[in-house]
Amino acid sequence: MRVLLIGANGYLGRFVADRLLADPAVQLTALGRGDDADVRFDLATGSPGALTRFLDAVHPGVVVNCAGATRGGARDLTRHNTVAVATVCEALRRSGCGARLVQIGCGAEYGPSQPGSSTAEDAVPRPGGPYGVSKLAATELVLGSGLDAVVLRVFSPAGPGTPAGSPLGRLAEAMRRAMQSGDGELKLGGLGVQRDFVDVRDVARAVHAASLSAAQGIVNIGSGRAVRLRDAAAVLARVAGYGGALHELDAPPGPLRATIGHPRSEGEHGIPAAYPYPDGCGSWQQADVRTARDRLGWRPRINLEESLADIWMEAACRI
């Protein structure tokens with residue numbers, strides 16, 4: 001099976017590439033903007049016609065789209081997350097390859113949900129920010145394309161390679177700085193939210209399974225369990241061996257089990273500005289992952305402690 005992977009150098013794409021390359025039945029071709037891609041092509045600016053010609057030449061059986069942007073203004077997010085997907089869909093419609101499309105969506109497409117609930121694929125999406133809006137528009141383009149396609153709505157990915165600008169990445173960096181400078185106290189904010197973390201290697205397994213399946217429509221990919229960020233921080237402190245006191249800003253007095261940070265202000269060391277969690281999903285998000293189990297035969301295997309240990313290992317290497 002020949003698979004065309006778009007965005008192989010991104011956070012998720014690297015692990016998807018590794019997973020697909022481990023399958024001896026897969027012939028992988030990587031398309032992207034970097035010099036190390038097999039074929040250089042920018043989805044945000046390239047034409048559907050040019051991509052169609054490439055599809056007809058390579059004739060993949062599956063196209064996996066991991067490309068996209070998580071940060072930037074509405075215009076950039078629309079260009080990289082929506083216009084790019086429109087290019088892929090139009091090129092696949094024009095091509096004679098008949099490839100199946102596996103599109104990577106995100107849990108931010110759903111927006112805020114009721115605390116204690118699990119969000120299933122039939123929930124009405126109400127994204128709370130431009131990132132979720134741009135990804136939802138891409139999903140709607142895929143679903144309305146008439147292609148053999150599945151959208152994997154990935155919730156909160158974690159594990160090795162976690163971007164330093166993400167909440168867990170910022171927490172690991174704040175802890176690294178505290179340990180490096182010998183600080184016995186770490187003050188952080190924004191830990192009340194609960195998110196469904198799923199390891200990037202489990203996401204890669206889901207992409208592989210979706211490539212081989214006949215599933216169509218939307219499939220949630222998550223752990224099925226919401227974790228409070230302060231609890232995730234407690235686990236990270238334990239695996240890091242941080243013995244200092246962890247305090248949450250704007251919380252009742254006394255040490256908490258952990259806290260997680262946002263971009264730091266110019267003030268006191270270790271104290272971040274109290275910005276809302278950046279995905280626009282409010283205080284709670286938890287995936288209903290029964291569809292992934294039933295239609296892909298997929299379940300998450302890697303627990304959050306292992307994911308956090310890998311995040312810390314990479315942060316510790318910067319000491």
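User: At what angle do helix 5 and helix 9 pack, and how far apart are their axes?

Analyst: This is a predicted model. In it, helix 5 (residues 167-181) packs against helix 9 (residues 304-316) at about 50°. Their axes are 9 Å apart.

User: Which residues make the contact, and of what class are they?

Analyst: Helix 5 brings L168, A172, M175, R176 and M179. Helix 9 brings L308, I311, W312 and A315. Eight of these residues are nonpolar, none is polar and one is charged. Arg counts as charged.

User: How do you know whether R100 is buried or exposed?

Analyst: R100 lies in strand 5 (residues 100-106). Its relative accessibility is 4%. Buried means under 20%, so R100 counts as buried.

User: What does the side chain of R100 reach?

Analyst: The side chain reaches the backbone oxygen of A215 at 2.4 Å. Beyond its neighbours within four places in sequence, R100 is in contact with residues including G61, D148, S211 and Q216.

User: What makes Q114 count as buried or exposed?

Analyst: Q114 sits in the loop between strand 5 and helix 4 (130-143). Its relative accessibility is 58%. Exposed means over 50%, so Q114 counts as exposed.

How values were computed: Residues are numbered from 1 along each chain as its sequence is written. This is a predicted model: local features need pLDDT of at least 70, side-chain atom pairs count only at pLDDT 80 or more; totals for chains, interfaces and linings use all residues. Side-chain values use heavy atoms; hydrogens and water are left out. Axes are lines fitted to C-alpha atoms, for helices over the stretch in contact, and angles run from 0 to 180 degrees between N-to-C directions. Helices (H or I, at least four residues) and strands (E, at least two) are DSSP runs, numbered from the N terminus. Contact means heavy atoms within 4.5 Å. Buried means under 20% relative accessible area, exposed over 50%, partly exposed in between (1.4 Å probe, protein chains only). A polar contact is a pair of N or O atoms within 3.5 Å; within protein, one must be able to donate a hydrogen and the other to accept it, and residues adjacent in sequence count only if both atoms are side-chain atoms.
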